Amino acid sequence: MTQNSKSSTLRKTISVIYRFIRPYKGWVITALTASVIAAICDLTGVYLIKQMIDNALASETQQLAMIVVLVAVMVVAGFVANYFLTYATGRFGTKAVGDMRNALAVRLSELPVSDVENERSGDLVSRVTNDVSAIQSFISQHSTNLIYAPIIVVSALIYLGSLNWKLTLVSFAATPIMMYIANLISKPIQEQSSNYYGALAEANSVAQEGIAGNAITKAFNLQKPMYAKVEGFYYKAMHHGFKIAKQESLMRPSVVMMYELPVVLCTIYGGYLAVSGLLAAGALVAFLQMLRMLVIQTVQIPDLVSNARSVAGAVGRITDMLEAPTERTNGRAFTPVENALVVIDDVTFGYEKDKNIIAGVSFTLTKGKTIALVGSSGSGKSTILNLLLSFYEPQKGAILVHGHDLKDWNLKALRDQFAVVSQDTFLFPGTIEDNIRLGNIEADFNQIVEASKIAGAYSFIQELPEGFQTQVGERGTVLSGGQKQRISIARAALKKAPILLLDEATSALDNESEAQVQQALEVFSKDHATMVIAHRLSTIKMADEILMLDQGHIAERGTHQELMELDGLYHQYHMENEEDMQHV
Amino acid sequence: MFKKWNFPEFFRMMSLMQRQLWNYLITLCLIAGIYSAHMILLAFINERLLNGAISGDQELLTSAIVLTCVVLVLACITSPIAMYLFDLAVHRALTHLKLRLFKKIQDLPVSYLEKRHSGDLISAITNDVNSVEQAYRYHLYLLVEAIFYGTGSTIAMFVLDWRLSMLMVVLGMASAYFTTKYAGPLREIGDKVQTAMSDMTVHWVDMVGGFRLLKVFKISGFVLERFGQKNEAIVAHNIERIRLDSQLKGINYLLSIFSLIGVFVVGSFMVASGEIDFGTVMGIVTLQNGVAFLFLNFGNFFTNLQGSLAGSKRIYDILNAESEPDHYNTSGSSKGDEAISLRGLDFSYDGREKVLQGLSFDIRPGQVAALVGPSGSGKSTVIKLLLGFYEPTGGNLSINGRPLSAYTLEELRDQIAYVPQEAFLFEGTIEENIAHGRPDATHDDVVRAVKLANAHEFISDMSQGYATRVGERGIRLSGGQRQRIAIARAILRDAPILLLDEATSALDTASEQLVLEALQTLMKGRTTVAIAHRLKTIEHADVIFVLEKGKIVEKGTHHELLKQEGVYSRLHNIQFAESLT
């Protein structure tokens with residue numbers, strides 16, 4: 001069973017790697033050919049040494065000169081083979097891995113929002129960095145060894161056997177035993193070293209916390225107990241380190257034996273054979289040289305195995321992503337209607353089973369009207385937004401856009417109907433102009449300026465030394481939260497979609513600029529249907545209808561005036577929030 | 001080669017080992033010595049073996065065999081012991097270094113810690129110590145081994161035959177020359193690959209971070225194209241690196257094959273003309289590894305060491321930073337029995353902008369004083385000065401009638417129980433965290449404090465009660481729970497002065513009520529200085545100081561201040577009006 005699953009993951013690993021290196025068949029074949037030639041050269045070298053010694057001892061200078069010519073040919077061939085081996089392997093490895101990264105990026109862009117947001121972003125990043133790098137280094141460092149090593153081992157054994165099979169047997173007699181012993185002793189090391197690194201990581205995190213909590217440590221005079229705690233953890237890690245050192249030193253003799261015993265046995269028995277005239281001196285030297293080559297190859301095997309194993313893990317994680325289900329691409333586009341752009345009818349939804357975030361929510365969004373969603377955090381406001389954009393599908397009820405159920409829509413066409421300004425105003429690295437243009441790639445500069453004016457962003461952009469060409473994002477100019485928000489509003493304005501969704505879009509603006517943006521948005525929303533999520537009274541007040549959400553239900557609905565007179569949840573909520581907002 | 005390298009920095013790095021230095025150096029030399037002796041003896045064994053085989057000399061052969069066995073047995077016994085002792089020395093040295101750093105960081109003044117990200121400091125203990133470990137464990141190890149093995153081999157080689165040895169030395173130097181020649185360009189292109197990689201990673205992270213934008217706006221194609229360009233750059237740089245790499249591999253192949261087969265070729269002709277015996281050739285071939293090893297590692301050592309030296313410099317920067325002083329020099333301001341008394345107190349973080357300007361006030365024992373004012377008015381700075389986190393730049397300060405200079409910082413902090421704005425808890429159990437208030441407290445003491453802090457109920461409801469682990473920085477608890485544990489910690493501390501820094505600002509209404517009740521208990525019989533945003537929470541204070549731009553603009557009780565119709569009453573009216581809209 002386990003054997004089966006092991007071999008199936010191996011097959012999968014190979015088939016995935018094969019899929020990516022197939023376009024570079026030429027280089028793969030070059031690398032394989034080069035590795036065969038390199039192996040042959042290495043073997044020939046030993047053979048030529050033997051011939052040289054035998055001829056030199058026989059004083060056959062003529063023959064010797066012939067061999068020197070052969071040596072020269074071999075050196076040139078070996079040089080070319082080694083050059084191309086490194087070059088070709090590196091080349092197809094790099095190219096294949098580049099394709100892999102592109103494939104991952106394409107797949108990422110096709111995944112559903114729910115999958116990407118449920119995954120920890122660190123995990124997603126490590127796919128394209130650590131996992132892909134592990135595969136690259138395996139391909140360029142170890143893959144040709146899979147060809148080279150077996151050729152060397154098999155032909156060396158055949159050659160040595162043909163020279164003297166008894167000596168071959170004797171030389172390697174003890175090797176399996178030593179390998180077994182070394183393996184046996186090394187077994188606990190794996191666990192010990194994971195203990196060691198675990199303890200070290202723990203100690204580091206305790207130390208980190210000690211540093212982060214320095215103010216408390218000082219305020220409570222806790223330096224001594226804190227130090228004692230950290231010391232305890234580091235000592236614990238150190239003692240795990242000692243255990244590894246002990247185990248490794250126990251293992252050491254058998255490792256030395258693994259390297260040296262074949263040579264020692266060959267020295268003893270081969271020397272005896274040579275002195276008795278049963279083995280030529282050249283053959284003895286060939287034996288000694290080739291034994292070294294063999295030992296080096298055998299010693300590398302465990303390394304190769306563990307490397308292959310970790311690469312199989314990396315390949316597995318990458319395949320998981322490449323094979324993850326994408327968002328649906330079926331459905332069609334429908335023409336916009338004049339009224340009732342969005343109808344939400346008795347919708348129920350929860351991210352987890354049996355845990356409804358919203359239940360039985362119904363409302364209609366009409367052209368020229370604004371609906372505000374109000375409620376404490378966790379009441380389901382943002383969830384409604386997620387459902388509208390079909391990032392998630394409702395479990396019950398229906399959502400109609402332009403009179404057609406979301407299920408019949410093509411997702412891209414559907415999302416074209418919305419302009420969204422969300423809570424987190426994400427800017428991509430690039431210029432401000434680039435970032436606004438994301439709303440409509442084909443827009444010309446005038447349209448971008450127009451949109452930035454609507455968003456109240458034009459004046460501050462003008463004041464930046466490089467204006468619209470200012471670099472923003474991770475490595476660019478640091479913009480304030482309010483400035484970022486205005487850029488994302490401009491982006492949404494540029495999109496000119498019939499439905500406008502604002503999720504706390506003006507929360508980071510100061511009162512004055514908020515009033516400006518608000519005014520612009522009011523004009524803008526005349527021929528749009530608008531849904532806003534907001535805390536601020538000024539934003540909510542202008543809505544034609546306010547929906548007060550409480551634990552996923554619409555608890556109250558009406559205009560600001562109506563709801564204040566109702567003296568219910570909205571009234572109470574309102575008072576609490578206004579007090580919070582006041583920075584004293 | 002030597003220009004880039006500075007010896008003082010290197011010796012400084014070595015001295016970080018402190019007491020372990022000699023253990024380390026001795027075991028290091030032992031390991032290298034054993035290995036080199038083993039390898040060099042192998043050459044003489046091979047010489048005898050081959051000469052014995054050629055001439056059929058039984059005696060030579062026997063001596064070779066005996067020597068082989070002796071060397072093997074010695075290597076198997078001595079090298080594990082030396083390696084074990086070496087490992088112990090390195091582990092000890094590094095552990096002590098980490099602890100020294102941690103202790104030093106603990107003792108650094110708050111000003112130093114607030115200027116640097118805590119991630120930078122922990123990185124000294126992890127990354128920088130690791131880079132020093134690289135030097136101890138590998139770079140220096142390889143250097144010493146290269147010196148022992150290399151010089152030993154070279155000498156042994158010249159003893160065997162000087163003519164062939166000259167050839168080997170020339171080949172070794174050529175190999176070192178090419179390796180160093182390629183090292184620069186290879187490192188350069190390696191850096192380029194790294195930069196391209198991180199560029200690509202940034203774009204990937206942005207795709208994940210801006211994933212909703214990707215879906216809502218029609219920009220997948222655009223973003224993917226940009227990602228593709230970055231990816232293309234990695235591939236291009238990598239191929240350039242591979243080109244250089246394969247050239248170097250080819251050259252190294254040539255040199256190594258020359259020093260193996262080349263020696264046999266030259267040797268064979270010399271043997272044929274009777275100038276040398278084959279045993280000697282074989283001996284030299286065996287030794288050539290050592291010579292190559294010397295040249296290669298000697299060249300690499302200096303480049304490899306750079307990273308470790310940079311790490312050790314950062315470590316020294318921390319170890320040499322000035323610690324928090326034992327006490328401050330601020331003189332006293334009162335001869336009376338005020339619990340806290342400030343006279344003309346000035347303070348500035350950067351020496352230019354004054355955060356506090358001539359601040360004066362008195363708080364009598366048992367009084368509750370509140371600090372009110374807009375953010376940036378200096379409220380939190382007052383708390384930090386009282387905790388001794390910073391030294392006042394001017395003016396006088398007395399605590400319990402004694403000048404600040406009369407207290408060591410430890411004594412000063414013993415007078416104070418502090419509830420910070422965000423309750424910082426340490427990974428560990430709830431009980432451990434509360435006991436931080438007074439490390440010698442019994443379990444009953446802890447329970448009593450917890451009950452007063454309104455926390456007993458929720459702690460008892462947890463399946464593991466007081467033994468519940470709070471998680472890193474207390475993340476497994478809610479904000480209100482953390483705050484009540486911080487209050488219990490302060491209650492247990494039982495200090496005469498209580499400092500509250502907006503202790504309830506992060507809480508929802510329900511838990512705020514519980515925390516406020518707990519605070520009432522805590523304030524009883526203690527001198528309290530409280531900062532609050534919500535004026536409601538400090539209406540009952542004995543005295544309220546209103547701060548603006550580092551000065552006190554109004555003071556009095558709630559009612560007095562309302563009557564004055566100044567800043568306080570304005571603030572109050574705004575909050576009150578908002579609550580009625």
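What are the helix and strand percentages over residues 145–161 of chain A, and how far apart are the end C-alpha atoms? Select that stretch: the chain there is 100% helix and 0% strand, with the end C-alpha atoms 23 Å apart. Helices and strands are DSSP runs numbered from the N terminus (helices H or I, at least four residues; strands E, at least two).

The model is predicted, so local features need pLDDT of at least 70 and side-chain atom pairs pLDDT 80 or more, while totals for chains, interfaces and linings use all residues. Residues are numbered from 1 along each chain as written, chains are lettered from A and ligands numbered from 1 in written order, and side-chain values use heavy atoms, without hydrogens and water.

Next, select residues 261–288 of chain A, where the chain is 82% helix and 0% strand and the end C-alpha atoms are 12 Å apart. An unreviewed UniProt entry places "transmembrane region" at several segments of chain A, including 145–161 and 261–288; such annotations may be inferred rather than shown by experiment.

Now select Leu32(A), Val36(A), Ile40(A), Leu146(A) and Ile147(A), a nonpolar surface patch with about 360 Å² of accessible area together. Helix H2 (25–57) and helix H6 (145–172) of chain A each give two or more residues to the patch, and H2(A) supplies the largest share, 3 residues.

Zoom in on Ile40(A) in helix H2 of chain A. Ile40(A) counts as partly exposed because its relative accessibility is 45% (buried is under 20%, exposed over 50%, partly exposed in between; 1.4 Å probe, protein chains only).

Finally, colour chain A by domain: domain 1 (12–322) and domain 2 (328–414 + 533–584), from an automatic or database assignment. Their C-alpha centres lie 59 Å apart.

How values were computed. Patch = residues over 30% accessible without salt bridge, like charges linked within 9 Å, V, L, I, M, F, W, Y side chains within 5 Å. Areas by Shrake-Rupley, 256 points an atom, 1.4 Å probe, with all protein chains shown as cover. Salt bridge = Lys/Arg side-chain N within 4 Å of Asp/Glu carboxyl O.
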